[in-house]
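Student: Could we go through this structure together? I would like to learn how to reason about rings and chain contacts.

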Amino acid sequence: MSSERVVIVGGGHGGFQMAASLRSEGFSGGITLIGEEPGLPYQRPPLSKAFLKDGDAARLHFRPQAFFETNNIELIPGTRVSRIDPARKHVTTATGDAIGYDHLVLATGSRNVRPPVANLHLDNVLTLRNLADAADLRARLSGARHVLVIGGGFIGMEFAAVAADFGVAVTVIEGAGRLMARTVSGAVSKHFLALHEGRGTTVRLGRFVSELIDDGTGRVAGVRLADGTRIDGDMVLIAAGVTPNSELASEAGLAVSDGIDVDEFLRTSDPAISALGDCCNFPDPVSGNRVRLESVQAATDHARAIARRLTGKPAPYAAVPWFWSDQSHFKLQIAGLGSGADEQVALEPESGGLVVINFASGRLLSVETVNSASAHMSARRLLASGRPVAQADLAAHNYNLVDYARAV
Amino acid sequence: MPKITFVSPEGGRTTVEASDGDSVMQTALANGVEGIVAECGGAMMCATCHCYVDEDWLARTGTASDEERSMLDFAASEVRPESRLSCQITVTGDLDGLTVHLPDAQI
């Protein structure tokens with residue numbers, strides 16, 4: 001048994017996967033997993049979907065308590081790390097305990113942005129990031145009549161879909177000119193706009209909220225837009241994006257820009273410290289650009305790559321990014337990163353759904369699909385192969401990704 | 001509570017109690033059954049909770065849906081007619097005694 005100790009700060013998807021992968025890769029030293037939230041590490045994606053409907057928190061746990069005991073993973077929940085001392089190689093918790101490390105992994109994730117809107121403190125103004133948020137949202141949703149969602153990204157639209165299912169009136173207010181603009185192409189935005197409007201949701205695009213309106217008792221009664229328009233509502237969800245939790249790293253003197261800077265091996269500027277998931281920015285193996293991804297896939301694949309490196313099998317990070325969002329009966333899936341696309345082919349297969357293929361300089365860059373799992377998985381396989389896929393070759397297969405992936 | 005038996009690739013049998021409404025995948029994780037990874041947590045975004053339904057039970061669990069089959073195409077182990085994603089099988093009283101076999105690899 002090695003006497004080395006890996007300390008992981010953050011008990012989300014990436015932190016949990018880090019601990020699990022270290023053991024599955026054969027690491028025999030000590031593993032300490034420190035999480036800010038109470039209880040066992042849990043799945044976050046269902047918080048804006050299934051959990052709002054079934055409210056079953058126990059189903060969210062990655063693994064039961066026994067898993068941590070069996071695998072000799074020391075889990076320290078409900079504990080915030082307040083400082084890293086890279087010279088002495090230890091972290092200090094908010095309660096003053098020092099925990100020494102040989103290698104430190106920062107999996108601190110991200111937190112919700114508080115947009116510059118007046119009166120955010122009002123009652124019934126909620127956010128959604130963790131289990132406690134989701135439980136609160138779920139409890140209040142049943143009593144709401146008209147929910148206002150500020151921000152038309154994944155979380156805002158997933159919540160809007162669930163709220164509509166509850167029979168609550170929903171208005172989404174988005175500053176950009178289209179939905180989910182940061183992550184999807186115009187064709188997909190349009191598709192989802194029609195879907196949500198078709199279910200009775202009102203979507204106000206290119207509109208900014210300037211203040212929340214007090215009903216006179218400290219509870220929210222609506223919002224006022226920058227153009228002066230008032231929209232009434234008795235509950236508000238702020239879903240205006242996230243910002244990386246990188247303060248711990250910057251205070252320790254690590255290089256930080258949009259998140260903690262890491263190299264292609266997920267190492268920070270201190271070789272004894274790695275960072276993963278939402279809180280780090282890393283070189284995209286395809287474009288070479290530095291990117292910061294907010295996804296389960298990045299967090300878990302980063303963790304696996306770090307675990308392999310710490311057990312003597314280093315390789316540059318090269319996983320294909322993928323994302324998903326479930327909104328009502330529509331499953332959006334994305335393979336690859338679409339930024340830099342210069343050409344797009346959109347198809348509506350006979351089986352229903354939507355397939356949008358993005359190219360850059362005649363090569364396959366990313367694929368967005370709605371209710372087309374086979375096209376999505378084919379795209380992931382093609383992008384992971386490392387072989388460039390020429391647009392002309394796909395065109396020769398009528399842009400049928402499944403056929404093409406089978407043929408090559 | 002319905003009982004479910006998981007059979008490892010080596011033939012080891014683990015029988016656990018399941019809760020109605022949970023998936024077979026959730027039942028495996030909650031009881032520490034090894035061999036189910038469930039990377040995406042049941043969102044049908046991966047194929048790491050692959051199992052083979054014992055042929056005696058296939059009529060009751062049903063076979064994979066088209067979307068499930070698309071994901072199974074990317075499973076790490078051989079896909080057979082009785083292959084299912086265990087996150088897509090919901091436990092009911094009718095499945096008391098269900099036996100599923102686990103594949104050699106999930107990743």
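Tutor: Let us start with a definition: a residue counts as buried when its relative accessible area is under 20%, and as exposed when it is over 50%. Keep in mind that this is a predicted model.

Student: Is A:Phe16 buried or exposed?

Tutor: The cut-off for buried is under 20%. A:Phe16 has a relative accessible area of 4%, so A:Phe16 is buried.

Student: How are the rings of A:Phe16 and A:Phe62 arranged?

Tutor: Their centres lie 4.5 Å apart, and their planes meet at 5°. Planes under 30 degrees apart count as stacked. The pair is therefore stacked.

Student: How many residues apart in sequence are the parts that this pair ties together?

Tutor: A:Phe16 sits in helix α1 of chain A (residues 13-24). A:Phe62 belongs to the loop between α2 (50-54) and α3 (65-70) of chain A, so the pair ties together parts whose separation in sequence is 46 residues.

Student: Now the two chains, please! Which residues of chain B lose the most area to chain A?

Tutor: About 1,700 Å² is buried between chain B and chain A, with carbon and sulfur atoms giving 55%. Three residues together make up 39% of what the chain B side buries, and those that lose the most area are B:Glu39, B:Met45 and B:Phe74.

Student: Which side chain of chain B meets A:Arg406 in a salt bridge?

Tutor: Between chain B and chain A there are three salt bridges. In one of them, at 4.0 Å from N to O, the partner of A:Arg406 is B:Asp73.

How values were computed:
Residues are numbered from 1 along each chain as its sequence is written. Chains are lettered from A and ligands numbered from 1 in the order in which they are written. This is a predicted model: local features need pLDDT of at least 70, side-chain atom pairs count only at pLDDT 80 or more; totals for chains, interfaces and linings use all residues. Side-chain values use heavy atoms; hydrogens and water are left out. Buried area is the accessible area (1.4 Å probe) that two parts lose on being put together, summed over both. Rings of Phe, Tyr and Trp (its six-membered ring) pair if their centres lie within 6.5 Å; planes under 30 degrees apart count as stacked, over 60 as edge-to-face and the rest as tilted. Helices (H or I, at least four residues) and strands (E, at least two) are DSSP runs, numbered from the N terminus. Buried means under 20% relative accessible area, exposed over 50%, partly exposed in between (1.4 Å probe, protein chains only).
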